[in-house]
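Open the model in your viewer and keep the selection tool at hand. The stops below say what to select and what is there.

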Amino acid sequence: MSGLNLDNMDNMDFDVLREIGNIGAGNATTALSQLINTKIDMNVPKVELLEFKEISEIIGGAERLVVGILLTLQGQAEGMMMFILDQESAHHLVNALLGKEVDNFDDFSEMELSALNEIGNIIAGAYLSSLAALTNLTITSSVPYMAIDMAGAILSVPAIEFGKIGDRALLIQSQFGEADKFVNGYFILIPTIESYSLILSSLGL
Amino acid sequence: MGQMIKVGMADLNTCIIPDSLTTLGLGSCVGIVLYDPITKVAGLAHIMLPDSTKIKNNNNKAKFADTGIETLIEEMKKKGANRNSLVAKIAGGAQMFAFSSNSDMLRVGERNVEATKQKLNDLQIRILAEDTGKNYGRTIEFYTETGELLIKSVGKEIKIL
């Protein structure tokens, strides 16, 4: 299969991408759940083709304060993987991991930042290993990079990568949360356009 | 009080007094404000990439520093701005993640700022003020009444340029 045209994708392609998101995020959610020893639910992932104008709105507004953990993908499939949490969720998550009560919702301590980074690493790893197993592609990831800032600013990084090839971005987005809604976050898989083709063709499309 | 007109990513817009322009959550992108202080016509472009000639798919002029600025000037002229009295204020171009590897992704903010300055210099448009680089996001608001550019960042005081 030659180049994929984002404007030309059929329902089958979307279904397959949604399933990839489902399995990847499912694995990642399980890893997260084990890490903090709590049951975590996951929604059916959304696969969306978004204009850049819309992209910063997906996580509740461009100015919403979020924690973004980004890993770059190398190997046969390239691109980025992002794990985004709103700040409150990040505090709950990190406190659950460190086994202490939430004492503030503002700054993170060094320890908490480091723990968050590790959470990102573990769950992104879980997501990617299932993607690699599914597609039989070799995919490795970088160390996690973290930023705490406005959603729009953080999402500009993957958006720019898409900007190099087109005017829209393709997102596989999964939302998960603890039963009592403490943890709300998103996984976003952002392969390069060539890698999308490769992923789809490796699955026989 | 005029309206606040929102400009999205890879988009541009213009306005005239008393309206104002804003773009939310600038990361590695650059917000370019052009302003004619005499006619009080302003324009804002939210560009994502430095150079349209390096990219095959370059239909969206507002996406690039070079074509974004050119288009913005044309749009402002339609609103009555005088090309020769335009001045600029720019913000953004941050490096949101502290990448340790060497890749293009890492420097895109910096390259966006460089390309913006180069283009403005070529067109002999003076940059009155800038708040660029660093590692944090910015929301900007430009007021045609005063010619002030307001910059909001997380956990920082509001800056006025």
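Start by selecting Phe142(B) and Leu149(B): Phe142(B) stands opposite Leu149(B), which lies in strand 9 of chain B. Keep in mind throughout that this is a predicted model.

**The strands around this pair**

Now widen the selection to residues 138–143 of chain B, which form strand 8, and residues 148–152 of chain B, which form strand 9. The two strands run antiparallel and are joined by five bridges.

Next, bring in the rest of the sheet. In chain B, five strands make an open sheet in the order 1-3-8-9-10, and their pairing is mixed. Which strands stand at the edges? Select 4–6 and 159–160 of chain B: these are strand 1 and strand 10. Each has a single partner strand, so one side of each is left without a neighbour in the sheet.

**Where the two chains meet**

Show chain A and chain B together. Here 30 residues of chain A are in contact with 35 residues of chain B. The area buried between the chains is about 2,500 Å², and carbon and sulfur atoms give 69% of that area. On the side of chain A, select Tyr145(A), Ile160(A) and Lys164(A). These three lose the most area to chain B, together 24% of what that side buries.

What links are there between the chains? The count of salt bridges between chain A and chain B is zero. The rule does find five residue pairs in polar contact across this interface, both residues being at pLDDT 80 or more.

To see which elements of chain A take part, select helix 2 (52–55), strand 3 (65–75), strand 4 (79–86), strand 6 (145–150) and helix 5 (151–163) of chain A; each gives two or more residues to the side that touches chain B. Helix 5 of chain A gives the most, with nine residues.

**A last stop in chain A**

Select residues 185–191 of chain A, which are strand 8 of that chain, and pick out Tyr186(A) within this strand. Is Tyr186(A) buried or exposed? Its relative accessibility is 11%, so Tyr186(A) counts as buried, the cut-off being under 20%.

Now show what surrounds Tyr186(A). Leaving aside neighbours within four places in sequence, Tyr186(A) is in contact with residues including Ile58(A), Ile59(A), Met82(A), Phe83(A), Ile84(A) and Phe176(A).

Tyr186(A) and Ser201(A) are 15 residues apart in sequence, and their C-alpha atoms are 26 Å apart in space.

Note on methods
Residues are numbered from 1 along each chain as its sequence is written. Chains are lettered from A and ligands numbered from 1 in the order in which they are written. This is a predicted model: local features need pLDDT of at least 70, side-chain atom pairs count only at pLDDT 80 or more; totals for chains, interfaces and linings use all residues. Side-chain values use heavy atoms; hydrogens and water are left out. Contact means heavy atoms within 4.5 Å. Buried area is the accessible area (1.4 Å probe) that two parts lose on being put together, summed over both. A salt bridge is a side-chain nitrogen of Lys or Arg within 4 Å of a carboxyl oxygen of Asp or Glu. A polar contact is a pair of N or O atoms within 3.5 Å; within protein, one must be able to donate a hydrogen and the other to accept it, and residues adjacent in sequence count only if both atoms are side-chain atoms. Helices (H or I, at least four residues) and strands (E, at least two) are DSSP runs, numbered from the N terminus. Two strands pair if DSSP finds at least two bridges between them. Buried means under 20% relative accessible area, exposed over 50%, partly exposed in between (1.4 Å probe, protein chains only).
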